[in-house]
Amino acid sequence: MTMPPHDVRTLSGEEELRAAHALFRSCLHTPPATDEDWPAAYGSMDRATVLSAFDDSGMIGTLTANSSVLALPGGKVVPMDAVSRVGVRADRTRRGVLSEVMRTHLDGTSAPIATLRATEGAIYRRFGYGVATRTRTVQIDTGRARLHDRAPVAGDVRLVRDQDEVRRLLPELLERWGTVRPGGIVMSAGFWQLVLKREGYLRLAVHEDGVACFKVEEDKGGEHYSYSMEVGALFAATPTATATLLKFLLGIDLVRRVEFVSRPLDEEFELLLADPRAVRTTEIEDETWLRLVDVPAALAARTYGEAEPVVIEVVDDLLPANRGRYLVGPDGAERTDRDAQLRLGVADLGAAYLGDRPLSQFADAGLVDVLDAAALPAADRLFRLDRAPWCGTYF
Ligand SMILES: CC(=O)SCCNC(=O)CCNC(=O)[C@H](O)C(C)(C)COP(=O)(O)OP(=O)(O)OC[C@H]1O[C@@H](n2cnc3c(N)ncnc32)[C@H](O)[C@@H]1OP(=O)(O)O
């Protein structure tokens with residue numbers, strides 16, 4: 001890899017971190033953090049490495065890599081960089097600054113996988129990121145929403161409203177249940193304190209196998225005492241926890257509408273209600289963009305379904321060490337000299353890695369070279385999951 005023409009380096013010290021934070025915010029057309037807000041923003045960097053690019057005029061681009069973990073198919077949890085706060089000063093865009101910062105990050109990280117949330121869909125594919133999980137946002141009209149009689153409701157739900165207790169419990173509970181599905185991650189306690197400061201009065205509904213975090217606001221211009229609820233997080237380790245938390249949230253008085261933000265695509269809400277049309281999907285979005293930084297390590301870390309092994313050739317323009325052929329089968333994945341049966345780019349392998357879509361869909365879209373037709377259905381069975389992968393944490 002060639003050396004960048006700009007000085008790109010890891011920042012140290014609070015002053016530099018504050019400058020990078022302000023630069024990123026200006027890229028999102030937001031003023032710098034005030035003195036009152038800064039401590040929480042600084043605290044959210046408790047597991048972060050911040051890279052910035054400089055030229056004669058000072059700091060011109062920045063990227064934050066939060067040291068996190070990612071849950072994989074099969075249950076293993078591996079180190080992962082949650083990349084955020086990416087921005088290039090508006091008078092220095094489209095000159096390769098982001099490309100340099102990205103390369104520096106990918107060259108320097110020890111995490112086998114990086115993920116991010118994209119502001120725009122056209123930016124990150126060139127750096128080897130593909131869409132690996134998707135979400136839907138749903139609204140439920142509480143007037144119509146009643147769980148049917150056989151819904152698996154059991155166990156108590158405890159409402160936590162004391163804000164000190166919320167601050168103490170939230171990171172701990174999300175660490176426990178945030179990785180229930182492949183695609184789940186764990187963010188630091190400092191990150192959650194920033195979220196809590198930003199979001200205001202949040203409450204928790206805690207079941208023995210799950211948690212929901214929600215806020216309620218009065219409807220503007222509506223009838224008196226009419227409220228809407230936003231459920232920003234709901235993690236449940238069992239179907240019973242999902243049903244019980246759902247019943248609790250839908251039953252809170254004076255709330256006319258509940259919005260569940262960024263849910264898994266295959267969640268069973270419609271099946272739990274007597275009237276499935278009480279659930280309205282308002283948005284389906286890409287969620288996790290995933291980059292396999294160390295392809296051999298990442299392929300070896302997840303498990304696979306039952307099928308004939310297949311040989312996949314990986315194309316990676318940015319990280320040549322990843323290039324080559326891999327034998328992927330029920331027993332795992334490793335490099336091989338055998339002839340390739342399927343060939344694809346690292347961004348599409350990243351997109352298929354957690355099982356969000358079968359490889360045959362990528363082939364249908366012209367994104368996989370199928371050199372041996374029998375390998376495609378086998379690859380679908382190998383990469384397939386019973387449940388949609390999902391993260392549920394916006395960082
Ligand atoms: C994970 C997150 O934090 S997401 C937040 C991302 N940040 C933002 O959206 C803030 C506003 N935007 C920005 O700060 C900048 O425009 C960035 C960071 C998106 C891009 O930075 P730049 O330094 O301009 O990118 P760079 O010059 O390296 O571009 C590399 C390539 O990507 C393309 N590209 C960059 N940004 C975009 C975009 N928004 N849309 C389409 N193409 C883009 C460039 O045209 C270039 O293409 P080429 O290699 O074919 O010439």
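Tutor: Leaving out residues up to four places away in sequence, Gly87 touches Leu23, Phe24, Cys27, Gly61 and Thr62. Two residues are counted as touching, or in contact, if their C-beta atoms, placed from the backbone, lie within 7 Å. Please note that this is a predicted model, in which local features need pLDDT of at least 70 and side-chain atom pairs count only at pLDDT 80 or more, while totals for chains, interfaces and linings use all residues. Residue numbers start from 1 along each chain as its sequence is written.

Gly87 belongs to strand β4. Here helices (H or I, at least four residues) and strands (E, at least two) are DSSP runs, numbered from the N terminus. Gly87 counts as buried because it has 24 C-beta neighbours inside 10 Å. The term is defined by such a count: a residue is buried if 20 or more other C-beta atoms lie within 10 Å of its own, exposed if 12 or fewer, and partly exposed in between, with C-beta atoms placed from the backbone.

Leu98 is found in helix α3, and Leu98 counts as buried because it has 22 C-beta neighbours inside 10 Å. Apart from residues up to four places away in sequence, Leu98 touches Gly61, Val86 and Val88. Arg94, by contrast, is placed in the loop between β4 and α3. With 7 C-beta neighbours inside 10 Å, Arg94 counts as exposed. Its phi is near 60 degrees, a positive value in a residue other than glycine.

How many residues surround the ligand? There are 24, and the closest are Val86, Thr93, Leu98, Ser99 and Thr119. Two elements give two or more residues to this shell, namely β4 (77–88) and α3 (97–108). The most is given by β4, with 6 residues. By type, the shell divides into 11 nonpolar, 7 polar and 6 charged residues.

We may now turn to other parts of the chain. His29 is found in the loop between α1 (14–27) and α2 (38–43). The phi angle of His29 is also positive, near 60 degrees, although the residue is not glycine. His29 counts as exposed, since 7 C-beta neighbours lie inside 10 Å.

Ala71, in strand β3 (residues 58–71), is buried, with 24 other C-beta atoms within 10 Å. Ala71 and Arg181 are 110 residues apart in sequence, but 6.8 Å apart in space from C-alpha to C-alpha. Beyond its neighbours within four places in sequence, Ala71 is in contact with Val77, Thr179, Arg181, Pro182, Gly183 and Gly184.

In the protein, residues 24 or more positions apart account for 74% of the contacts with a separation of 6 or more. Of its 395 residues, 43% count as buried. In soluble globular proteins, nonpolar side chains tend to be buried together. The largest nonpolar core of this model has 116 residues, and Ile113, Ala212, Leu245, Leu249 and Val310 are those with the most contacts inside it. Such a core is a set of buried Ala, Val, Leu, Ile, Met, Phe, Trp, Tyr and Cys residues joined through C-beta atoms within 7 Å. Residues up to four places away in sequence aside, Leu245 touches Val157, Ala205, His207, Gly210, Ala212, Leu234 and Ala236.

Finally, the unreviewed UniProt entry assigns the annotation "domain: Eis-like acetyltransferase" to residues 188–284. Over residues 188–284 the chain is 28% helix and 41% strand, and the end C-alpha atoms are 27 Å apart.

How values were computed: A residue is near a molecule or strand if its C-beta atom, placed from the backbone, lies within 6 Å of it. Ala, Val, Leu, Ile, Met, Phe, Trp, Tyr, Cys and Pro count as nonpolar, Asp, Glu, Lys and Arg as charged, and the others, Gly among them, as polar. UniProt positions are given in the numbering used here, feature names are shortened, and annotations may be inferred rather than shown by experiment.
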